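Biologist: I would like to go through this structure feature by feature. Please give the general idea where there is one, then the case at hand.

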Amino acid sequence: MTIRSKHRIFLLAAGLAALQAPLAARAEAPEAYKTEALAEVDAKAKLVQEMVDSIYSFAEPGFQEFKTSEYITGILEENGFTIERGVAGIPTAFTATWSNGTGGPKIALGSDIDALLGLSQVPGETTLKAQVEGAPGHGEGHNSGMPAIVAAALAAKEVMEKNGLSGTLMIWPGIAEELLATKAFFVRDGMFDGVDASIFLHVSPMFGTAWGKAAMNGMVSVEYSFSGKTAHGASPWEGKSALDAVEWLNLALNMRREHLFPTQRMHYVITEGGGQPNIVPDKASVWYYFREQDFQSIADLYAIGNQTAEAAAKATDTSVSRRLLGYAAPNHSNRPLAEAAYKNIERIGMPEWSAADQAFARKLQEDNGRDIASLATEVAPLGTPSKGGFLGGGSDDIGDVMWTVPTITIGYPSNVPNVIYHNKLAAMAMATPIAHKGAVAGAKATALTILDLVTTPELVAEAKKYQQEVQFAEDTYAPVLTAEDTPGIHLNAEIMDSMRPKMEPLYYDPTRFSSYLEQLGIDYEAAGAE
């Protein structure tokens, strides 16, 4: 065993001991403040519904969330928040900040807002049916998180103003999360400077939170572009094929997999491969995701990709350049924050699902061959670090924020159990009462946790201590992102230029219709009973 391996085992053992040590009972916000906040969120349930439905109808993919960002910042600006747009050089990114009194913690509140390509789906329908064929859609449910964040922030703001509580709230959107393409840039460019604690929301069929290392991979997203020389396809010796270089790279990396740890993941798509068969391609590109579990392993896998791309260029007498399009750090959630939030989640409990809600969920599952499970009626257990082996999985770039400030993710129950995410099935319920009720529940948990942070400095101190003494003993934040890397703000622009005019007539109009389903002429109760 190497010295490095022994050192890692020692640190992990020390970290596990700290993880298992009981935490002292901590103070929380006074009951009167929490009661006020819950009433404020309930008063904003209509706003949550309108925001959930509106953002669903906008359905903008990564880096093209212009209408969505304009809509959200407009609401926040009207409610006294100061808006900074174009953060980190990303046109659709923003921060919305409000402060009360002097001092107090600065709390970041975020959720993703991007849709996914090709997943347009009529909401409230349990069979596959595009609103606009080929258009993007909210096939993960990112239309519901920011409405919950806004309602929570406005409720907390009311309580803080009324009771003279000092603190700062900073709302920010996850841009292009489905591309894992922005949060590392936000961190690099200082968005979270001065932030004391961070609460992030993500859609789920469950209601809960977790602490410790998550069963997720870190990741780097990179596009390799090769340049060669064109020639007539019948005289290929006159040319140098960039497509050959792409194919050599893919072949070499696929052969290399056998000699890498089982935890690694590599996926790719060829983004440019030439124009027609009788022209030797002088330009070709391939886009890779490299995933691993810790910072050093991610960097090592990225280095293998880079050196293999250089080798492919040499083998084909072409040249290669690379562009880093995204990065996601491994996830590690803060224990004191998670425990405080979970106490609030238990207090709130699950939404009261109607018979129509349960019927719709069951019909969705039946019609699409999914395992049958009712909408949950109990909150999920508090998640803790996995003790078993983990061979790899998905990624979320909230990890970069987690390694910058103490952060948790709250999963709120706005979707149906057993749907497939990154799929139209995950969009079917996302403008229904299920999505609305789940977002309200998430807003309540967030508002109460904000008040715990504002009123109890001990919680902020414990969160920072945990990060320093436990999380940072596990690993050190070391992204491969450099000062020269720039966000891929060009991505998805072309498809939205063609799709937006077709989608705009379907935008939700809350001044005329009580819900998006009403605007679309969908009978929700009948949908689950057919």
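Biologist: At what angle do helix H2 and helix H12 pack, and how far apart are their axes?

Modeller: This is a predicted model. In it, H2 (residues 31-43) and H12 (residues 433-455) pack at an angle of about 150°, and their axes are 9 Å apart. The crossing is right-handed.

Biologist: Which residues of H2 and H12 make the contact?

Modeller: From H2 come Tyr33, Lys34, Ala37, Leu38, Val41 and Asp42. H12 contributes Val440, Ala443, Lys444, Ala447, Leu448, Leu451, Asp452 and Thr455. By type, the residues of this contact of H2 with H12 are nine nonpolar, one polar and four charged.

Biologist: How should I read the burial pattern of a helix?

Modeller: An α-helix has 3.6 residues a turn, so residues three or four places apart point the same way. Take helix H14, residues 493-503: Met496, Met499, Arg500 and Met503 are buried there. Seen down the axis of H14, these buried residues fall within an arc of 115°, so they line one face of the helix.

Biologist: Which residues are exposed on the other side of H14?

Modeller: Glu494, Asp497 and Pro501 are exposed on that side.

Biologist: What covers the buried residues of H14?

Modeller: The cover includes helix H3 (45-58) and helix H4 (66-78).

Biologist: How are H3 and H4 arranged, roughly parallel or roughly antiparallel?

Modeller: Their axes cross at roughly 160° and come within 9 Å. Angles over 145 degrees count as roughly antiparallel, and H3 and H4 are therefore roughly antiparallel to each other. H3 passes H4 in a right-handed crossing.

Biologist: Which residues meet there?

Modeller: On the H3 side they are Leu47, Glu50, Met51, Ser54, Ile55 and Phe58, which meet Lys67, Thr68, Tyr71, Ile72 and Ile75 in H4. The residues of this contact of H3 with H4 comprise seven nonpolar, two polar and two charged.

Biologist: What should I look for in the backbone angles?

Modeller: Most residues other than glycine have a negative phi. Asparagine 418 has a positive phi of about 70°, although it is not a glycine. Histidine 422, also not a glycine, has a positive phi of about 60°.

Biologist: Where are asparagine 418 and histidine 422 found?

Modeller: Asparagine 418 is in the loop between strand S13 (407-413) and H12. Histidine 422 also lies in the loop between S13 and H12.

Note on methods. Residues numbered from 1 in each chain as written. Predicted model: local features only at pLDDT ≥ 70, side-chain atom pairs only at ≥ 80, totals over all residues. Heavy atoms only, no water. Buried < 20%, exposed > 50% of the residue type's maximum accessible area, 1.4 Å probe, protein only. Helix = DSSP H or I, 4+ residues; strand = E, 2+ residues; numbered from the N terminus. Arc of directions from axis to C-beta. Contact = heavy atoms within 4.5 Å. Axes fitted to C-alpha atoms, helices over the stretch in contact; angles between N-to-C directions. Parallel < 35°, antiparallel > 145°, perpendicular 65-115°, else oblique. Left-handed = near helix turned anticlockwise from the far one by under 90°. Nonpolar A, V, L, I, M, F, W, Y, C, P; charged D, E, K, R; others polar.
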